[in-house]
Amino acid sequence: MKESFWGAAVVAIGVITIFFILFFQSITNTDEHNYHLLKEATEAAMYDALDLASYKNEGVIRIDREKFVENFLRRFAESATLSNTYKVEIYDVNETPPKVSIKVSSSEQTNLTGEVLEFDISNKIDAILETPDVE
């Protein structure tokens with residue numbers, strides 16, 4: 001009888017351990033997905049927002065603020081996970097020199113102990129558009 005209780009305890013501990021592994025893997029994957037999505041969407045939106053007329057006329061590299069925000073939100077929304085709710089905060093967009101600061105937050109929830117546990121996941125990026133020096 002004693003051995004069967006030990007067997008049941010080992011199985012229960014194994015199931016709980018697998019649950020924890022899957023939960024933390026989900027959090028890690030969400031964080032990694034958000035980071036790469038933020039990085040790629042920011043870079044592509046900065047290239048899309050380049051003001052080519054300003055560069056041709058004055059030789060100044062600058063981005064258009066409204067065009068950047070529009071392109072960033074469109075690109076981010078196209079690739080974001082539909083099951084998450086995101087909060088996008090654009091802190092700073094400098095047109096000359098091209099620099100942006102963006103923070104994306106989302107949350108993960110679990111109901112492990114009967115109460116809802118919520119983990120906030122935030123990613124922040126400060127990006128400067130670098131261009132080769134042509135002389």
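Start by selecting Pro97, which sits in the loop between strand 1 and strand 2; helices (H or I, at least four residues) and strands (E, at least two) are DSSP runs, numbered from the N terminus. The peptide bond leading from Thr96 into Pro97 is cis, with omega near -15 degrees. Most peptide bonds are trans.

The model is predicted: local features need pLDDT of at least 70, side-chain atom pairs count only at pLDDT 80 or more, and totals for chains, interfaces and linings use all residues. Residues are numbered from 1 along each chain as its sequence is written, and side-chain values use heavy atoms, with hydrogens and water left out.

Next, select Arg62, in the loop between helix 2 (52-58) and helix 3. Arg62 is partly exposed because its relative accessibility is 25%; buried means under 20% relative accessible area, exposed over 50%, and partly exposed in between (1.4 Å probe, protein chains only). Leaving out neighbours within four places in sequence, Arg62 is in contact with Ala49, Leu50, Asp51, Ser54, Glu95, Thr96 and Pro98, where contact means heavy atoms within 4.5 Å.

Go on to Val93 in strand 1. Val93 has a relative accessible area of 7% and is therefore buried. Beyond four places in sequence, Val93 touches Ile63, Arg65, Phe68, Lys99 and Val100.

Now show helix 1 (residues 2-48) with helix 3 (residues 65-79). Their axes come within 8 Å and cross at roughly 145 degrees; axes are lines fitted to C-alpha atoms, for helices over the stretch in contact, and angles run from 0 to 180 degrees between N-to-C directions. On the helix 1 side, select His33, Leu37, Leu38, Ala41, Thr42, Ala44, Ala45, Met46 and Asp48; on the helix 3 side, select Lys67, Phe68, Asn71, Phe72, Arg74, Arg75, Phe76 and Ser79. Within this contact, nine residues are nonpolar, four polar and four charged. In this grouping, Ala, Val, Leu, Ile, Met, Phe, Trp, Tyr, Cys and Pro count as nonpolar, Asp, Glu, Lys and Arg as charged, and the others, Gly among them, as polar.

Pick out Asn71 of helix 3, which counts as buried because its relative accessible area is 9%. With neighbours up to four places away set aside, the contacts of Asn71 are Ala45, Asp48 and Ala49.

Then colour the largest nonpolar core, which has 19 residues; Phe68, Phe72, Phe76, Val100 and Ile102 touch the most other members. Such a core is a set of buried Ala, Val, Leu, Ile, Met, Phe, Trp, Tyr and Cys residues joined through side-chain atoms within 4.5 Å. Helix 1, helix 3, strand 2 (99-110) and strand 3 (117-128) each supply at least two residues, and helix 1 gives the most, with five. Centre the view on Phe68: its contacts outside four places in sequence are Thr42, Ala45, Met46, Ala49, Val93, Val100 and Ile102.

Finish with the rings. There are four aromatic pairs in the structure; rings of Phe, Tyr and Trp (its six-membered ring) pair if their centres lie within 6.5 Å, and planes under 30 degrees apart count as stacked, over 60 as edge-to-face and the rest as tilted. Phe76 and Tyr86 make an edge-to-face pair, 5.3 Å centre to centre with 90 degrees between the planes. Phe76 belongs to helix 3 and Tyr86 to the loop between helix 3 and strand 1 (87-94), so this pair ties together parts ten residues apart in sequence. Phe76 is buried, at 4% relative accessibility. Select Phe68, Phe72, Phe76 and Tyr86 together to see the cluster linked by ring pairs.
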